[in-house]
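Let us take a walk through a protein model together. Keep the picture open beside the text, and look for each residue as we come to it.

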Amino acid sequence: SGDIAQGYVLKQLLELLDSLLRVQSIRNKFKQTDDLLGSMLDNFLHVQSLIVQKTKLTDDCAQLLMATFSSLSSESEADKKRFCLSCVRALHEHKQGRTPVFLLQQLVGIMCPSKAEPSYELVLNKAPSQEEFIRGAMTKNPYASSEIGPTMRDVKKKICTDLEMQGLMDDENAMELLVNGRIVRLDLPVRLVYEQVWRPSLPERVQARGLGGGGPGGLPPMVVIYRLQGLDGEATEPIVEELRDEEEEVDPEEDLAMTALMSESGGLAVLLERVEEMEMLPARAELEPLVLGLLYECCRLRVNREKALSLGAVDVLLVQIQRALQADDVLPQAAEMLLLIVDQLVEEASRQQEGEREREGTIVEGEEAGK
């Protein structure tokens, strides 16, 4: 009885199931049988949520189930859709603890996975003319952008932190960063500055051979010169205000097609319910960015915008925006995301109204022509 209570029998059964699913004919039959995957997911969630009866064996069972899910949901698009539908159904039923967090992480990972940001190495050097004004130096060159942050503002914060210049941290104009003889704006991504400002300065033979090892393909580290603004007189270098991110020009109707499942399965309604209940959810800090992030990505697809409008999403979101603004003097990140989602929906509603007016005008013209 002790072994049963600790999860020994469950682990043996799961190992047997894992062995059976390695047989392709059984695996195919398992996938094609309705609700089996959903039942398996439900069991996993119950095992994972164990607290009082949690043992190493139950942890092993949860890991074994998770490995099985990963295997079953990654072989084809149909497999991914089946798993997403199971997650949506489970999300409708499970509201307590961290279970919704796990389910949303799975949906986000499959429907709108984040693209891995390449890491670039940076050499942070003080301007030679300011040796007397800036104490110390960045002594651990090169630094990896993956550890500093994605923008040039993060690079500046790293410099201010390491050199104990916290007073300049929030001053946007106190420090200038120069790359390849140009002043770069702090809101620019490190990736774009490396690829479009630094990389063109490298000799063609270096780019071709990939010498140095600092960037993707073995390219040399990007040299960033930092200096205090105004100490060397008025800046004469050109300023890089903006850079075009060509990689982002992807049609969301293709890139996020999988999110159409959220309209078909009732997933959008579940997300809006979670938005309404957000203040009462115990794991709000983890849930809020996941719920709003997934809702934002879903609303980049036309069919989801139309469904969200039919569900009264604008009213729901405006109420949450009002609550967020009343609770905090500073615009919270959640309110910013809510505003972005509302903006998408309002634009879609405007397009729908324009389309209806055009159709009505066409009908009236046809009737008049018939007379």
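A few words on reading the model come first. This is a predicted model, in which local features need pLDDT of at least 70 and side-chain atom pairs count only at pLDDT 80 or more, while totals for chains, interfaces and linings use all residues. Residues are numbered from 1 along each chain as its sequence is written, and side-chain values use heavy atoms, with hydrogens and water left out.

Side chains of opposite charge can pair when their charged atoms come close. One such pairing is the salt bridge, defined as a side-chain nitrogen of Lys or Arg within 4 Å of a carboxyl oxygen of Asp or Glu. The structure has 17 salt bridges.

Start with K80 and E77, whose side chains form a salt bridge with an N to O distance of 3.7 Å. Where do K80 and E77 sit relative to each other? They are three residues apart in helix α6 (residues 77-93), so about one helical turn separates them. (Helices here are DSSP runs of H or I with at least four residues, numbered from the N terminus.) To describe how open a residue is, we use relative accessible area: buried means under 20%, exposed over 50%, and partly exposed in between, with a 1.4 Å probe and protein chains only. K80 is partly exposed at 27%, and E77 is partly exposed at 47%.

Next, find R199 and E195, another salt-bridged pair, at 2.9 Å from N to O. R199 has a relative accessible area of 25%, which makes it partly exposed, and E195 is partly exposed at 25%.

Now move to helix α18 (residues 333-370), where E348 and R351 lie three residues apart, about one turn of the helix. Their closest N and O atoms are 3.0 Å apart, in a salt bridge. Is E348 buried or exposed? At 3% relative accessibility, E348 is buried, whereas R351 is partly exposed at 41%. This pair belongs to a network of salt bridges that links R305, E347, E348 and R351.

Finally, look at the nonpolar cores, which are sets of buried Ala, Val, Leu, Ile, Met, Phe, Trp, Tyr and Cys residues joined through side-chain atoms within 4.5 Å. The largest has 56 residues, and L41 and L295 touch the most other members. Helix α15 (residues 284-298) gives this core its largest share, seven residues. Another core, of 34 residues, lies apart from it and includes V155, L186, V193 and V240.

Technical notes
Helix = DSSP H or I, 4+ residues; strand = E, 2+ residues; numbered from the N terminus.
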